[in-house]
Amino acid sequence: MPIHAFEQSTGRVYGWPEMGVTSLRDLKGQKVAVARETAAHIHLDLALRSAGMTVSDSTVLNMDTASASAAFIGRSVPATVADSFVPATGSPAGVNVVREQ
């Protein structure tokens, strides 16, 4: 019997409200930076399913965690998913945690 386990307690979907992301539903058609086939990618899938969507409803940009964080902080993408995203300076001003597990 296969066992599927991953840590959900620190998974978060982050979005920039000024880029139109204040809820999971806002991710429809939006770019989301995430490392594919990681716990963060699984978290995105589960989060979107909870909102009646799938990952195919968003444009998933496959990036390693550091690149995804940099793209998000630089506002190149409106959303990202991270297992734990705490920059050295704390959360960026204005960032919204769209979903936290």
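**Reading the model, step by step**

Guide: Let's start with confidence, since this model is predicted. Among the elements of the protein chain, strand β3 (residues 59-62) has the highest mean pLDDT, 96, while strand β5 (residues 96-100) has the lowest, 59.

Visitor: What is the mean pLDDT of the protein chain?

Guide: The mean is 79, and 71% of the residues reach 70 or more.

Visitor: Next, the layout. How many helices and strands are there in the protein chain?

Guide: You'll find 2 helices and 5 strands. Going along the sequence, the pattern reads β-β-α-β-α-β-β.

Visitor: And what share of the contacts joins residues 24 or more positions apart?

Guide: Here you set how far apart two residues are in sequence against whether they touch. In this chain, 77% of the contacts with a separation of 6 or more are between residues 24 or more positions apart.

Visitor: Where does V21 lie, and is V21 buried or exposed?

Guide: V21 lies in the loop between β1 (12-15) and β2 (31-34). For burial, you compare the relative accessible area with a cut-off of 20%. V21 counts as buried because its value is 0%. Across the chain, 38% of the 101 residues are buried.

Visitor: Which residues touch the most other members of the largest nonpolar core?

Guide: To read a core, you look for buried nonpolar residues joined through their side chains. The largest one has 15 residues, and those touching the most other members are V13, L24, L27, V32, V34, L44 and V81. The elements giving two or more residues to this core are β2, α1 (39-50) and β4 (79-82), and α1 gives the most, with 4 residues.

Visitor: If I click on L27, which residues is L27 in contact with?

Guide: Leaving aside neighbours within four places in sequence, L27 is in contact with V13, V21, V32, L44, L48, M53, D57, S58 and A79. There is also a second, separate core of 8 residues, which includes Y14, A71, F72 and A82.

Definitions and conventions. Residues numbered from 1 in each chain as written. Predicted model: local features only at pLDDT ≥ 70, side-chain atom pairs only at ≥ 80, totals over all residues. Heavy atoms only, no water. pLDDT = per-residue confidence, 0-100. Buried < 20%, exposed > 50% of the residue type's maximum accessible area, 1.4 Å probe, protein only. Contact = heavy atoms within 4.5 Å. Core = buried A, V, L, I, M, F, W, Y, C linked by side-chain atoms within 4.5 Å.
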